[in-house]
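Work through the exercises below with the sequence and the coordinates at hand. Each task is followed by a solution in steps.

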Amino acid sequence: MKEITDFNSEILSRRGISLVLVCSAGCGPCVSLEFILDSMAGKYRNVKFGKVYTDSDRSLTGRYGIFSTPTTMIFVDGKPMQSLVGLKKYSDVEQALRRY
């Protein structure tokens with residue numbers, strides 16, 4: 001999964017659906033969820049998948065009230081629509097994506 005380096009241009013200015021994995025280095029559940037999301041990206045080609053490390057962008061955690069990792073955020077046209085906290089199953093994430 002590609003790391004997001006410019007959150008404003010890659011997510012907030014983007015039209016369509018974006019799914020962002022907010023993770024931290026050394027987080028086992030984050031690695032597991034990244035694997036799940038990578039497998040999902042092939043099916044949902046219209047969705048932009050990316051990850052952000054809390055160590056790299058601390059302002060993100062405050063801006064969106066992220067208190068634990070992994071947190072998966074769904075954005076539509078640059079607006080945050082839903083957050084999923086913790087390690088989720090493929091079906092849980094898929095169900096959330098289908099809402100948008």
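The model is a predicted one.

**Exercise 1.** Locate D77 and describe its backbone.

Solution. D77 sits in the loop between β3 and β4 (79–85). Its phi is positive, about 50°, although D77 is not a glycine. Most residues other than glycine have a negative phi, and most peptide bonds are trans.

**Exercise 2.** Which residues does a cis peptide bond join?

Solution. The bond lies between T69 and P70, with omega about 0°. P70 belongs to the loop between α3 (58–64) and β3 (71–76).

**Exercise 3.** Characterise the packing of α2 against α4.

Solution. Two packed helices are described by the angle between their axes and the distance between the axes. For helix α2 (residues 28–41) and helix α4 (residues 90–98), the angle is about 50° and the axes are 10 Å apart. Angles under 35 degrees count as roughly parallel and 65 to 115 as roughly perpendicular, so α2 is oblique to α4. The crossing of these two helices, α2 and α4, is right-handed.

Next, list the contact residues. α2 contributes I36, L37, S39 and M40, which meet Y90, V93, E94 and L97 of α4. Sorted by class, the contact of α2 with α4 comprises 6 nonpolar, 1 polar and 1 charged residues.

How values were computed. Residues are numbered from 1 along each chain as its sequence is written. This is a predicted model: local features need pLDDT of at least 70, side-chain atom pairs count only at pLDDT 80 or more; totals for chains, interfaces and linings use all residues. Side-chain values use heavy atoms; hydrogens and water are left out. Axes are lines fitted to C-alpha atoms, for helices over the stretch in contact, and angles run from 0 to 180 degrees between N-to-C directions. Helices (H or I, at least four residues) and strands (E, at least two) are DSSP runs, numbered from the N terminus. Angles under 35 degrees count as roughly parallel, over 145 as roughly antiparallel, 65 to 115 as roughly perpendicular and the rest as oblique. A crossing is left-handed if the near helix is turned anticlockwise from the far one by less than a right angle, and right-handed if clockwise. Contact means heavy atoms within 4.5 Å. Ala, Val, Leu, Ile, Met, Phe, Trp, Tyr, Cys and Pro count as nonpolar, Asp, Glu, Lys and Arg as charged, and the others, Gly among them, as polar.
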